[in-house]
Amino acid sequence: MSLFAVADCNNFYCSCERVFHPELTGKPVVVLSNNDGCVIARSEEAKALGLKMGAPFFQVRELLEREHVAVFSSNYTLYGSLSGRVMSLLSQYTPSLDIYSIDEAFLDLTEMDANRDIKRYGEQIARRVKRATGIPISVGIAPTKTLAKMASKFAKKYKGYRGCCLIGTDEQRLKALRLFPVEDVWGIGRRIAKQLAYHGITTAADFASQKESWVRGKFSVTTVRTWKELNGESCIVLEDMSEKKSICTSRSFSGQGISDPAILEEAVANFAARCAAKLRRQRSYCQGITVFAHTSPFREDVPLCYLQQSVQLSVPTQDTAEIVKTAVGMLKAKLQEGLFKKAGVIIWNITSARAIQQDLFDPVDRTKQKALLDAIDEINRRNGHDTVRVATQGTDVRFGLKHEYLSRQYTTNIDDILVAKTV
């Protein structure tokens, strides 16, 4: 019988900040988005104050100050570094680790010794990760990935589980389904949840008790797989779900915006480079690139200007230099005078590395290109984000983020390493 575990970091961004600020344990903490625009992470204490995900910072600033909430700008370099440490530890507990996101991973425990205490094993994983990294995690274990995700939610909600919830028997599965809202089931989106509610289906148990023929007649094959998983049949392959069909990196600029074409080009180059890096992380290639930029639609004193340009490449690529050159070239071709408030790059028509259609007349040596990309990614992994970059990227200081509450890069910058002193 198959057996999977889900390791989910608790309030990950806030937990990362607390690692180096232990005095904040038990106190409300929030992390803000790029440009300190809105709340993107909340500790449990912050949630208890009524702070909502996505709340604009300017609207909740007074509440944050009144309740003495610790506020941090997003520090993705720090979060990525600590995520790597967590995932490295988790990999020691399974021969097959699938990293699902920066704060979550699936562990295949199918080959585990049948005589081992699975619940205690999960508790051991949670304890060791917390002790070694300072990041608290919740572990859910079950015969399917969907049930394991459900179990991790119970482990996070109830301290009595000691960091790990096991759904190991049919009785445990049915009890968990009855207690779990259907809209919170992994794979059930808001639209599907509304459709299910129309038919009186409000819990995971209600959904799982439906006939398969009814589910097939109403929903897609993906929802059918979710139904099967809730009924104990493992049928979701993570690789089929993790590849994005498009990737977008965009940003609203601080202050009045950007009017200098050179700075806007630099910003677009950085957005394109980040899209390319995300593309390589999921081992995919893209064949379509779109670039866009626009002025603020809320300012009546500035003429509204919106530009967008797309191109279809002859050969799919994941090369940073190629994607950056194409995106910046399109921007230059369409750029007009204006005070641009937002810009971004979208890469689309994404295909797996296993299904690349080559071009007989392609002038690029793709084998050498791949070797160069692998070398650059390894250098950046060891030495920090964008240690090696395309010259067009310049530095994001010129179009820089507003991050008034940015913490130090304790794990990746030699100048930010904590220093122990004797008193």
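Where does Ser-33 lie? Ser-33 sits in the loop between β2 (29–32) and β3 (39–42). Helices (H or I, at least four residues) and strands (E, at least two) are DSSP runs, numbered from the N terminus.

This is a predicted model: local features need pLDDT of at least 70, side-chain atom pairs count only at pLDDT 80 or more, and totals for chains, interfaces and linings use all residues. Residues are numbered from 1 along each chain as its sequence is written, and side-chain values use heavy atoms, with hydrogens and water left out.

Ser-33 counts as buried because its relative accessibility is 13%. Buried means under 20% relative accessible area, exposed over 50%, and partly exposed in between (1.4 Å probe, protein chains only). The Ser-33 side chain reaches the backbone nitrogen of Gly-37 at 3.4 Å. That falls under polar contact: a pair of N or O atoms within 3.5 Å; within protein, one must be able to donate a hydrogen and the other to accept it, and residues adjacent in sequence count only if both atoms are side-chain atoms. Not counting residues up to four places away in sequence, Ser-33 touches Cys-38, Ile-40 and Ser-74. Contact means heavy atoms within 4.5 Å.

Asn-75 is in the loop between β4 (70–73) and α4 (76–90). Asn-75 is buried, at 2% relative accessibility. Neighbours within four places in sequence aside, Asn-75 contacts Glu-17, Leu-406, Ser-407, Arg-408 and Gln-409.

**A helix pair**

Two packed helices are described by the angle between their axes and the distance between the axes. Helix α6 (residues 145–157) packs with helix α11 (residues 221–230) at an angle of about 70°, and their axes are 7 Å apart. Axes are lines fitted to C-alpha atoms, for helices over the stretch in contact, and angles run from 0 to 180 degrees between N-to-C directions. α6 and α11 are therefore roughly perpendicular, a term for 65 to 115 degrees.

Which residues in α6 meet α11? They are Lys-145, Thr-146, Leu-147 and Met-150, facing Thr-226, Glu-229 and Leu-230 in α11.

Methods:
Angles under 35 degrees count as roughly parallel, over 145 as roughly antiparallel, 65 to 115 as roughly perpendicular and the rest as oblique.
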